[in-house]
Amino acid sequence: MSHTIQDFLKACRVCPRACLVDRTAGDLGVCGMPDVYRVARIAPHLWEEPPISGEKGSGTVFFSGCNLRCVFCQNRDISREGIGDLMAEDALVERIHELLNQGVHNLNLVTPTHYTPMLARLLERLKPILTVPVVWNSSGYETVESLRMLEGLVDVYLPDFKYISPELSAAYSAAPDYAEVATRAVLEMYRQTGEYEEKNGLAVKGVLIRHLVLPGCRADSMAVMKHLASILPPADIRVSVMRQYTPDFARDCPHRNLHRRVTEFEYSSVLEETARLGLMGFSQGKEAASKAFTPNFKKK
Ligand code: SF4
């Protein structure tokens with residue numbers, strides 16, 4: 001396994017960016033992270049969807065850096081500025097044990113994609129002793145080859161599916177191939193976990209796909225829902241339609257539509273389309289769209 005990790009990181013092709021930089025020598029690609037974990041936050045988190053947060057919280061580990069770097073990112077101090085502490089694997093395992101001892105409902109790895117081979121090794125170590133599900137909370141911009149390393153190690157996939165339009169994904173995430181890549185990724189996730197299941201109101205396996213509705217992009221959001229319903233059995237997955245977009249983090253970007261909030265009409269029409277397609281899942285209250293971000297997810 002460690003040989004495979006070195007192979008991946010020496011000419012990095014862990015994600016679709018395929019930067020081919022030598023992360024073991026400290027060279028950095030688009031994600032901005034070396035071959036050592038940099039972790040921004042390890043704590044129980046109550047603001048995820050109800051079957052992820054439950055009453056006691058989700059056990060989140062927020063990794064610094066990101067391979068997608070959207071212009072409107074709401075976590076840019078973590079994803080772009082690389083805030084966080086460098087941490088060896090043993091230290092991270094110890095912190096995860098402390099987190100799990102707080103009674104959280106799952107281990108939730110947030111923005112983990114650029115560390116996939118390393119996390120596969122860490123999960124192989126942890127999985128036999130874990131009593132809670134492992135959640136992989138990603139942008140969806142990841143390769144099937146990397147995802148296959150996680151087979152049997154991840155219980156619940158929680159990916160985004162951000163765009164269909166190559167123009168939008170090129171403009172906002174510099175990834176014109178986003179929809180193609182995310183399509184292959186969610187199909188692989190579904191192949192690994194099968195249909196979504198909850199026990200006692202908590203997600204125990206399956207794929208829950210998030211989509212953030214962006215201002216001025218209603219048609220693309222509806223196309224995302226249509227696409228998801230066409231590639232996966234609607235009854236077997238869950239979707240989370242998010243309205244928490246806030247322009248506070250996109251004021252300096254040139255896309256003027258991103259300088260405002262999502263309207264009631266935009267959000268509700270995406271929800272209507274989601275329901276019409278037979279997709280089930282979660283929506284957010286209006287109060288979610290604030291910089292303070294206290295999202296209120298509701299089951300549809
Ligand atoms: S993980 Fe980082 S360095 Fe590697 S290919 Fe992706 S963006 Fe580039």
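Two strands pair if DSSP finds at least two bridges between them. Helices (H or I, at least four residues) and strands (E, at least two) are themselves DSSP runs, numbered from the N terminus. Residue numbers start from 1 along each chain as its sequence is written.

pLDDT is the predictor's confidence in each residue, on a scale from 0 to 100. The chain averages a pLDDT of 92, and 94% of its residues reach 70 or more. Residues 290-300 are another story: pLDDT stays under 50 there, and the model has 46 contacts beyond four places in sequence for this stretch. A contact here means heavy atoms within 4.5 Å. Where pLDDT is low, the predicted coordinates should not be read in detail.

Let's start with β1 (residues 37-45). It pairs with strand β2 (residues 58-63) in the antiparallel sense, over six bridges. In that pairing, Arg 41 has Phe 62 of β2 as its bridge partner. β1 also runs antiparallel to strand β3 (residues 85-87), with three bridges joining them. Here Tyr 37 finds its bridge partner in Met 87 of β3.

Val 239 stands opposite Gly 281 in β10. To get from β9 to β10 the chain passes through helix α10 (residues 264-276), and this β-α-β crossover is right-handed. By right-handed we mean that, with the strands pointing away from the viewer, the path from the first strand over the helix to the second runs clockwise.

**Rings**

A pair of aromatic rings is described by the distance of the centres and the angle of the planes. Rings of Phe, Tyr and Trp (its six-membered ring) pair if their centres lie within 6.5 Å; planes under 30 degrees apart count as stacked, over 60 as edge-to-face and the rest as tilted. By this rule the count comes to nine aromatic pairs. One of them joins Tyr 37 and Tyr 115, a tilted pair with 5.1 Å centre to centre and 55° between the planes. What does this pair link? It ties together distant parts of the chain, with Tyr 37 in β1 and Tyr 115 in the loop between β4 (107-110) and α5 (116-126), 78 residues apart. Tyr 37 is buried at 2% relative accessibility, and Tyr 115 is buried at 0%.

Tyr 163 and Tyr 172 make another tilted pair, at 6.2 Å centre to centre with 55° between the planes. Tyr 163 is buried, with a relative accessible area of 1%, and Tyr 172 also counts as buried at 5%. Both belong to one aromatic cluster, along with Phe 72, Tyr 141, Phe 161, Tyr 178 and Tyr 245.

**Accessibility and backbone**

Buried means under 20% relative accessible area, exposed over 50%, and partly exposed in between (1.4 Å probe, protein chains only). Here are a few residues away from the aromatic pairs.

| Residue | Relative accessible area | Class |
|---|---|---|
| Leu 20 | 56% | exposed |
| Asn 200 | 81% | exposed |
| Arg 184 | 46% | partly exposed |
| Cys 66 | 10% | buried |

Leu 20 has a positive phi of about 60° although it is not a glycine, and it is found in the loop between α1 (2-10) and β1. Asn 200, also not a glycine, has a positive phi of about 55°. Asn 200 lies in the loop between β7 (197-199) and β8 (202-212).

Arg 184 lies in helix α8 (residues 178-193). Its C-alpha atom is separated by 9.2 Å from that of Gly 140, 44 residues apart along the chain.

Cys 66 is found in the loop between β2 and α3 (76-79). Which residues does Cys 66 touch, not counting those up to four places away in sequence? They are Val 30, Cys 31, Ser 79, Thr 111 and His 114. Val 241, by contrast, is 175 residues from Cys 66 in sequence and 22 Å away in space, C-alpha to C-alpha.

Conventions. This is a predicted model: local features need pLDDT of at least 70, side-chain atom pairs count only at pLDDT 80 or more; totals for chains, interfaces and linings use all residues. Side-chain values use heavy atoms; hydrogens and water are left out.
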